[in-house]
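This report covers a ligand site and a sheet. Have the sequence and the model at hand.

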Amino acid sequence: MTDAPPSAPTPGLIERYRDRLPIAGDATPVTLSEGATPLVRLEHLPEAIGRRATVYAKLEGQNPTASFKDRGMTMAITRAREEGARAVICASTGNTSASAAAYAARAGLSAFVLIPDGKIAHGKLAQAMMHGAAVVQIKGNFDDGMRLVREMAEETGAAIVNSINPYRIQGQKTIAFEVLEALGRCPDYHCLPVGNAGNITAHWLGYCESAPSSGNYLPGAFSSRFGLERYETRQLSTRRPVMVGYQASGAAPFVSGAPVAAPETIASAIRIGNPQSFDFALAAARESGGWFDAHSDEAILEAQSLLAEREGIFCEPASAVCVAGLMRDLESGRIPEGSTVVCTLTGHGLKDPDIAVRHARGAVATVEPEPAALKALLLEHLR
Ligand code: AN7
């Protein structure tokens with residue numbers, strides 16, 4: 001036995017996929033046992049619109065800080081510590097800051113997080129504060145924060161842990177491996193929300209690496225841009241899914257084809273107008289035969305409620321946009337009946353309790369502490 005600190009009893013991503021990640025053989029992962037999230041079959045939603053399809057939700061809200069960001073953060077923080085960084089920095093609509101703060105705390109690093117003034121969900125703010133990050137509100141939006149991060153990283157020597165850090169994308173690609181392992185086959189469609197576009201890039205990278213014989217663009221382009229090794233070693237599939245990215249109507253640069261100067265949506269996680277991984281995400285959609293589409297805040301909230309009420313799954317508004325999208329595209333036939341579809345539900349609903357309490361259809365009643373009044377009220381709610 002060596003003197004190395006013991007690994008987590010439940011292995012994290014790095015340990016499970018070390019052979020497919022750019023990580024030194026002797027590097028000790030900074031991990032909270034992220035990944036290995038549930039893939040749950042949706043039993044009611046396709047039928048609710050009269051369509052037959054096999055739809056699964058990948059519950060990324062069940063990661064340690066309750067969003068998919070932990071997949072990338074275990075890699076980015078492990079790498080930052082290996083490189084001797086004392087601090088990490090990110091701009092964030094909330095989830096990246098929560099994850100960076102938690103993993104930095106575990107690694108003994110300082111975390112600097114820049115958030116848009118008053119525009120992040122309370123659960124995420126609570127996380128960043130609890131984990132001891134330096135939390136700074138910028139009088140501007142995410143895109144303003146992103147600009148400042150690049151400058152401040154240079155000034156302070158802090159490592160950037162936004163998804164322009166290629167190790168973030170590398171960690172996040174493991175979601176594709178897990179989907180292929182769990183299904184034992186490749187889904188026909190993979191639907192997900194798109195904001196800064198790191199995650200769709202990561203999904204596609206993971207799928208391409210798992211079907212290495214098909215002349216893929218992204219692994220080569222990615223590895224040459226960042227000087228990283230190419231990992232097309234495991235033939236988990238002979239096919240790749242069609243990638244479909246959904247945005248909020250008020251923050252939909254992939255639909256308009258150009259940056260949005262003043263993005264606005266109730267789904268604060270994806271209130272992003274100038275995505276950093278624009279080219280890679282376009283390539284993912286084009287190469288897979290996929291598309292981008294946008295949905296209104298009303299449709300997003302409706303999908304969030306439907307999932308919660310009919311499936312028992314509570315995701316945050318940004319995540320729900322892909323279910324709104326899936327439902328419309330199934331209904332129109334753009335996603336054909338009989339398809340197998342995976343939706344990535346990127347973050348947990350508890351991240352944003354204010355939205356939930358404000359928009360949930362169920363109201364909270366108040367009664368006198370007497371059985372008669374209470375009974376009448378309860379019986380009204382029998383399904
Ligand atoms: C729940 O935390 O950008 O397209 O700074 O939190 O990879 O950006 C969050 C993004 C989807 C979009 N769903 O993913 C941040 C941040 C949730 C998110 C996205 C985010 P990308």
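Which atom of N196 lies 2.7 Å from an oxygen atom of the ligand? A backbone N or O atom of N196 does. The model is predicted: local features need pLDDT of at least 70, side-chain atom pairs count only at pLDDT 80 or more, and totals for chains, interfaces and linings use all residues. Residues are numbered from 1 along each chain as its sequence is written, and side-chain values use heavy atoms, with hydrogens and water left out.

The polar contacts (pairs of N or O atoms within 3.5 Å) include these:

| Protein side | Ligand atom | Distance |
|---|---|---|
| K69, side-chain N or O | oxygen | 3.5 Å |
| N196, backbone N or O | oxygen | 2.7 Å |
| T346, polar side-chain atom | nitrogen | 2.6 Å |

Alone, the ligand exposes 470 Å², and the protein buries 99% of that (Shrake-Rupley method, 1.4 Å probe).

The shell around the ligand holds 23 residues (a heavy atom within 4 Å). N95, T96, N196, A197 and T346 come nearest. By type, the shell has 10 nonpolar, 11 polar and 2 charged residues; Gly counts as polar. The elements giving two or more residues to this shell are α4 (95-107) and α9 (198-210). Helices are DSSP runs (H or I) of at least four residues, and strands (E) of at least two.

Now the sheet. It is open, with 4 strands in the order β5-β4-β3-β6 and parallel pairing. Strands pair if DSSP finds at least two bridges between them. β5 (134-138) and β6 (159-160) are at the edges with a single partner strand each, so one side of each lacks a neighbour in the sheet. Strand β3 (residues 87-91) runs parallel to β6, joined by 2 bridges. I89 stands opposite I160 in β6.

Note on methods
A polar contact is a pair of N or O atoms within 3.5 Å; within protein, one must be able to donate a hydrogen and the other to accept it, and residues adjacent in sequence count only if both atoms are side-chain atoms.
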